Amino acid sequence: MPDSEPIFLLLPSILSLILFFILIKRKQRRYNLPPGNMGWPFLGETIGYLRPYSATSVGEFMHQHISRYGNIYKSNLFGEKTIVSADAGLNKFILQNEGRLFECSYPRSIGGILGKWSMLVLVGDMHRDMRIISLNFLSNARLRTHLLREVEKHTLLVLNTWKEKCIFSAQDEAKKFTFNLMAKNIMSMDPGHPETEQLKKEYVTFMKGVVSAPLNLPGTAYRRALQSRSTILKFIEKKMEVRIRKMKEGKENLEEDDLLEWVLKHSNLSTEQILDLILSLLFAGHETSSVAITLAIYFLPGCPLAIQQLREEHLEIARAKNQSGETELNWDDYKKMEFTQCVINETLRLGNVVRFLHRKALKDVRYKGYDIPCGWKVLPVIAAVHLDPCLFDRPQLFNPWRWQQNNGSRGAGTTTSSASSSNYFMPFGGGPRLCAGTELAKLEMAVFIHHLVLNYQWELADTDEAFAFPFVDFPKGLPIRVFKS
Ligand code: HEM
């Protein structure tokens, strides 16, 4: 009897464990889950899901899963039970029901590196407060009165350094442009200044960690990025202290109409919150639009008709400006860039800068007969919708004319996307978390394209391709050779 005593003591625990699993299984059986494969224990199917693929495709994993299970399937990704959606209607439904049925839920590693006050990870009231600040900084009024001028100035700063027949990385140049623009408008840092260059360098290490495996071990990119994060934060904090001192001494520089000045004067955010806000806006505002500009430079040489039509549009704008004696672009000029907007849409549709978003279900949700259980992770894959042949005719083709209202005559002979499919075009996400920089990003692309097509012709100097890692990147930086036009 004494030998069997431990077993008797453990029996109740074993029984309750078995009961617990039976109850969980029974509850799961009640759900009508979509088909799918949960993969290996813990790892699930994450490795396959994250395997790099061409950015203009959905990738082998997605393709196989959609063919096997349909547009909505279950899986185990990022260590969690997940519903993956390549369904246009479900994606829209998820994004529009943010805070009610679903909630933003990025992996913990993203919060570790962008900070717990980053807008990307915040939810609820705190997210709303931060969002208001960002929208204020990026408002339409500021775009017209201030940011348009800034965007043009920083575009020219980069383009004017390009030399005839030189070969350089288009991706690096686009990054230079968007980084300088953000650094100037967030913290009044001047391009080319040693401290701006130092921050840029630190930022490259930081970015490598954002997109690496989240292993906080000596020597890993993630560990180095965490170190860079603290260097960058110290740097921003110093800037903040100087600004606060100046404000106290009444030595405010009225020209410093930047985000830092605005948050210090008009918000009650703590130092830690301001640091994370600035870091994440620098991140959100520079990585994405530089990739989008690089993608446009990549796609356009494959479609000479589009370059020709762009040139005509921008020559017309430039001619009218010459006649009126104006030099800088104004809002009316920007509004005339109609075909350019089609090129921008098509670049974002085919290139898919942001491919999927991270959400979780806050309640049990039923959609098209399938259940999404409360607490499960949900991944709306916006790229899969943009590349869906049922919604976009010949989706692999770069065809800017598909976005024209009347599907102008010069297209590549394909039909336009139907009005309903453009409803599902969501490169900037949607609902209450719609990208706060949507209008700025489009403005940056349009102004960059304006001066690019007016001043240069270019060709790809080496074979390179946009890959989804899943963040979009050109492994060789997209080398191009330029000629003055
Ligand atoms: C082509 C360029 C860009 C693309 C494709 C893009 C895409 C996106 C997407 C898809 C989201 C939603 C994330 C989610 O719902 O989980 C987002 C959020 C955000 N983006 Fe952008 N973005 C771009 C440029 C910019 C720029 C230039 C800025 C401004 C500085 C910016 C600032 C933000 C901010 C602050 C958020 C968080 C919004 C919130 O949570 O309320 N983005 N972006």
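**Strands, helices and domains**

Q: Which residue in E9 is the bridge partner of isoleucine 83?
A: In E9, valine 378 is the bridge partner of isoleucine 83. Strands (E, at least two residues) and helices (H or I, at least four) are DSSP runs, numbered from the N terminus. The model is predicted: local features need pLDDT of at least 70, side-chain atom pairs count only at pLDDT 80 or more, and totals for chains, interfaces and linings use all residues. Residue numbers start from 1 along each chain as its sequence is written.

Q: What makes E3 and E9 a pair?
A: Two strands pair if DSSP finds at least two bridges between them. E3 and E9 have four bridges, in the parallel sense, so they pair by that rule.

Q: How do you know that E2 pairs with E3, and E4 with E6?
A: Six bridges join E2 to E3, and three join E4 to E6 (residues 359-361). Both counts meet the rule of at least two bridges. E2 and E3 run antiparallel, and E4 and E6 also run antiparallel. Isoleucine 72 stands opposite serine 85 in E3, while cysteine 104 faces arginine 359 in E6. The hairpin of E2 and E3 has two residues between the strands, and phenylalanine 78 there takes a positive phi near 50°.

Q: Why are E2 and E4 at the edges of the sheet?
A: The open sheet has five strands in the order E2-E3-E9-E6-E4, with mixed pairing. E2 (72-77) and E4 (102-104) each have a single partner strand, so one side of each has no neighbour in the sheet. From one strand to the next, the twist averages 35°.

Q: Which strands does helix H4 touch?
A: H4 (residues 88-96) packs on the sheet and touches E2, E3 (80-85), E4, E6 and E9 (377-380). The direction of H4 makes about 120° with that of E9.

Q: Why are H12 and H15 called roughly perpendicular?
A: Angles between N-to-C directions run from 0 to 180 degrees, with helix axes fitted to C-alpha atoms over the stretch in contact. An angle of 65 to 115 degrees counts as roughly perpendicular, under 35 as roughly parallel, over 145 as roughly antiparallel and the rest as oblique. The axes of H12 (residues 271-299) and H15 (residues 338-351) cross at roughly 100° and come within 9 Å, so the two helices are roughly perpendicular.

Q: Which residues of H12 and H15 make the contact?
A: H12 supplies Ala292, Leu295, Ala296 and Phe299, and H15 supplies Val343, Thr347, Leu348, Leu350 and Gly351. Contact means C-beta atoms, placed from the backbone, within 7 Å. Seven of these residues are nonpolar, two are polar and none is charged. Nonpolar means Ala, Val, Leu, Ile, Met, Phe, Trp, Tyr, Cys and Pro; charged means Asp, Glu, Lys and Arg; the others, Gly among them, are polar.

Q: What surrounds the ligand?
A: The shell has 23 residues, the closest being Gly285, Thr288, Gly429, Cys435 and Gly437. By class, the shell holds 15 nonpolar, six polar and two charged residues.

Q: How many residues of domain 1 touch domain 2?
A: Domain 1 (5-390 + 421-484) and domain 2 (391-420) have bounds from an automatic or database domain assignment. In domain 1, 25 residues are in contact with 16 residues of domain 2. On that side of domain 1, H15 has the largest share, seven residues. The C-alpha centres of domain 1 and domain 2 lie 26 Å apart.

Methods. Contact = placed C-beta atoms within 7 Å. Near = placed C-beta within 6 Å.
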